[in-house]
Amino acid sequence: MGLFGMNFDFGKGMVRNAFLFVFLCYAQSFLLHGQDTLATVTAEKGDGIYSLLRKHGVNPYEYYREFIDINLDNLRDSVHLLEGRTYVIPKIELDTVPVVDSIQKQAKEVKEVAATTYEIFGEDHKTVLSKSERLKGAIYYLVSGHGGRDPGAMAVYAGKSISEDEYAYDITLRLAKELLAHGATVYIIIRDENDGIREERILEMDRDEVAYPDIEIPLNQLDRLQQRVDIVNDLYKKNKGAYQRLIVTHVDSRSEGQNIDVFFYHHEKSKNGKRLAESIHTTFEAKYKQYQPNRNYSGTFEDRTSLFLVKKTHPAMTFIEIGNIRNEKDQRRILDPDNRQALAKWISEGVILDYEER
Ligand SMILES: [Zn+2]
């Protein structure tokens, strides 16, 4: 199904009908009884897209995008369900027509062949299904900010302490999974073997993150940064000649109360780093226009060579700062697992754009 967005100049109801119409046509090409396939459901308090889809027996990882496409009018910020609203569940009933059943089975078999397992993503997320080969040949080093005994910026939410490193790590894992699904080689530099991708709002703090492949992270800030620089630069040398990029992710604090959206930094002298930052920035601008036309995107992309990692690492890189963990509005965005997924997805799309236009 194509993506129908807010770009169409219909009234609100019209857009929704257009969705349903298209969906019916689509469904009917597989089924004889189109209307049987349109399950609708009313969101209850606490429902998220993932949990709602799961509750109705639909794999959220396969249908997340489609769900957003057909329910866009009833979503806040394009990813939040609104309590009491009715949503269409994108799902084809398998038991009505036997022909469909075999098509589904075939599709499933093909997918099983192309699936790889990575324990680092955790039990529920370890299977990575191949989506494409668009990043074949590309190598990414992903560094999430802080870790080990350094939690980064901290805040209190609902009486519980939350820390930057856990959220940056979760977004980084989601990004890694996206990149792997498109055929890239990915090194997750800061790692936590017992925290996979987490679907909770409050990500429990811990101190057992290590640096690739399994080295303790020093507490001293300069030693900590130097360790990352050395690991990345060693790998860079080893993979010499390949397309290699470094992506560093932080969820920072700035000054209290400031709402910062997403910032992208690069090295002043790196043409490729600048282009990578620009590609992701452009993708974010487009996404905001598409999904949140009434909201201004206030992120920027700029040179910030003063940052240690930007200055010292050899691969072309971008340093991403996602939101302000102490800002109430940003918190909402960072704490919501669906939002972390959307952020990771958008970054991955910018990364693909950069690779394909190299
Ligand atoms: Zn930070």
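1. Strand β13, which spans residues 262–266, is mostly covered, with five of its five residues buried; buried here means under 20% relative accessible area, exposed means over 50%, and partly exposed lies in between, using a 1.4 Å probe and protein chains only. Helices (H or I, at least four residues) and strands (E, at least two) are DSSP runs, numbered from the N terminus.

2. The model is a predicted one, in which local features need pLDDT of at least 70 and side-chain atom pairs count only at pLDDT 80 or more, whereas totals for chains, interfaces and linings use all residues. Residues are numbered from 1 along each chain as its sequence is written, and side-chain values use heavy atoms, with hydrogens and water left out.

3. Strand β13 is joined by four bridges to strand β15 (residues 316–324), and the two run antiparallel; strands pair if DSSP finds at least two bridges between them. Within this pairing, V262 stands opposite I322 in β15.

4. A separate region to inspect is an open sheet of three strands in the order β9-β10-β11, with antiparallel pairing. Its edge strands are β9 (190–191) and β11 (215–216), each of which pairs on one side only. Strand β10, residues 210–211, pairs with β11 in the antiparallel sense over two bridges, and A211 stands opposite I215 in β11.

5. Which protein donors does the zinc ion have? They are H146 (NE2), E164 (OE) and H250 (ND1), lying 2.1 to 2.3 Å from the ion, where donors are N, O and S atoms within 2.8 Å of the metal (3.2 Å for Na, K and Ca); water is not among the atoms, so sites may look incomplete. H146 lies in the loop between β5 (138–144) and β6 (154–157), while E164 is in helix α5 (residues 164–181), 18 residues apart. H146 counts as buried because its relative accessibility is 11%, and E164 is buried with a relative accessible area of 0%.

6. The largest nonpolar core has 55 residues, and those with the most contacts inside it are F67, F121, Y140, L179 and F284; such a core is a set of buried Ala, Val, Leu, Ile, Met, Phe, Trp, Tyr and Cys residues joined through side-chain atoms within 4.5 Å. Apart from it lies another core, of 23 residues, including Y187, L235, L246 and F319.

7. Helix α10 (residues 337–356) has 20 residues and reaches 28 Å from its first C-alpha to its last, close to the 28 Å expected at 1.5 Å a residue, the expected span being 1.5 Å times one less than the number of residues. Because 16 of its 20 residues are buried, α10 is largely enclosed by the rest of the structure.

8. Is K269 buried or exposed? K269 is exposed, with a relative accessible area of 71%, and its place is in the loop between β13 and α7 (271–291). K269 and K311 are 42 residues apart in sequence and 9.8 Å apart in space, C-alpha to C-alpha.

9. For the protein as a whole, the secondary structure comes to ten helices and 15 strands, and 52% of the 358 residues count as buried.
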